[in-house]
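Q: I have a model open and would like to learn how to read it. Could we go through it together?

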Amino acid sequence: MRQQFQQDYEMHSDAIFKYIYYLVGNKELTEDLTQETFYKAFQHFHTYRQESNVQTWLRKIARNLVYDHFRRKKILQFMPFFQKERVRDKAMLPEEFLIKGEHFSALFQALFGIKLEYREAIILRYLEELSVKETAEVLGWSEVKVKNNTARGLQALRKWLGEEGLVNE
C-alpha cells in the first residue's frame with residue numbers, strides 16, 4: 001500500500017498542486033492544501049474503490065479541502081469575485097506561468113474575476129483537459145451543469161478580459 005501510494009504521490013502531486021493553485025492563487029496555501037490532500041488520501045487509501053482514476057479521486061479530495069478552507073474562513077459567501085483591484089499573489093506564480101507570458105498571466109488574473117463554479121469548470125475542462133464526464137465526476141455535477149458553467153464561465157472571462165482592455169473587440 002505504501003509503495004502504491006508513493007507512486008501515486010510522485011505521479012500526481014504536481015497536477016494536484018496546480019489544480020489547487022488555480023483555485024486559491026496563493027503558493028503557501030496551495031502547498032498546505034496539497035500536503036493535506038495527500039495526507040487525507042493516505043489516511044483513506046483503503047476506501048479508494050478504483051471506480052475512477054486516482055487523479056480524479058485526489059482532485060475530489062483537494063476540491064473538498066479548498067471548499068472547507070473557504071467555509072472555515074467564511075470567505076465563500078464574501079469572496080470579492082468582482083473586485084478588480086484585488087491583489088493576487090503574482091510573485092508566487094509557478095515558473096511555468098512566467099514562461100507562458102503576459103497573455104497567460106492576464107487570463108490567470110481573469111480567472112479570479114469570475115465565479116468559483118465557473119472557474120472550476122474552466123480549469124478542469126481547459127487547463128486540466130478533462131472531458132465533460134470526468135469534470136462532472138470530480139465536481140459532483142451533471143454533465144449539463146458542467147457544459148452550462150463552462151459556457152457561462154467563458155462568457156464571463158471574455159467580458160472580464162474585454163473590460164480590462166485585454167481583448168480587442
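**Reading the model**

A: Let's start with confidence: by pLDDT (the predictor's confidence in each residue, from 0 to 100), the mean is lowest in helix α4 (residues 95-100), at 49, and highest in α2, at 94. Helices here are DSSP runs of H or I with at least four residues, numbered from the N terminus. The model is predicted, so local features need pLDDT of at least 70 and side-chain atom pairs 80 or more, while totals for chains, interfaces and linings use all residues. Residues are numbered from 1 along each chain as its sequence is written, and side-chain values use heavy atoms, without hydrogens and water.

Q: What does the protein average in pLDDT?
A: The average is 79, and 76% of the residues score at least 70. Over residues 75-93 the pLDDT is below 50.

Q: Which residues touch the most other members of the largest nonpolar core?
A: A nonpolar core joins buried Ala, Val, Leu, Ile, Met, Phe, Trp, Tyr and Cys residues through side-chain atoms within 4.5 Å; buried means under 20% relative accessible area (1.4 Å probe, protein chains only). Here the core has 43 residues, and Tyr19, Ile20, Leu23, Val24, Trp57, Leu58 and Val66 touch the most other members. Helix α3 (54-72) gives the most, with 9 residues.

Q: What is Trp57 in contact with, beyond four places in sequence?
A: Contact means heavy atoms within 4.5 Å. The partners of Trp57 are Ala41, His44, Phe45, Thr47, Tyr48 and Ser52.

Q: At what angle do the axes of α1 and α2 cross?
A: Axes are lines fitted to C-alpha atoms over the stretch in contact, with angles from 0 to 180 degrees between N-to-C directions. Those of α1 and α2 cross at roughly 145° and come within 9 Å.

Conventions: Buried < 20%, exposed > 50% of the residue type's maximum accessible area, 1.4 Å probe, protein only. Helix = DSSP H or I, 4+ residues; strand = E, 2+ residues; numbered from the N terminus.
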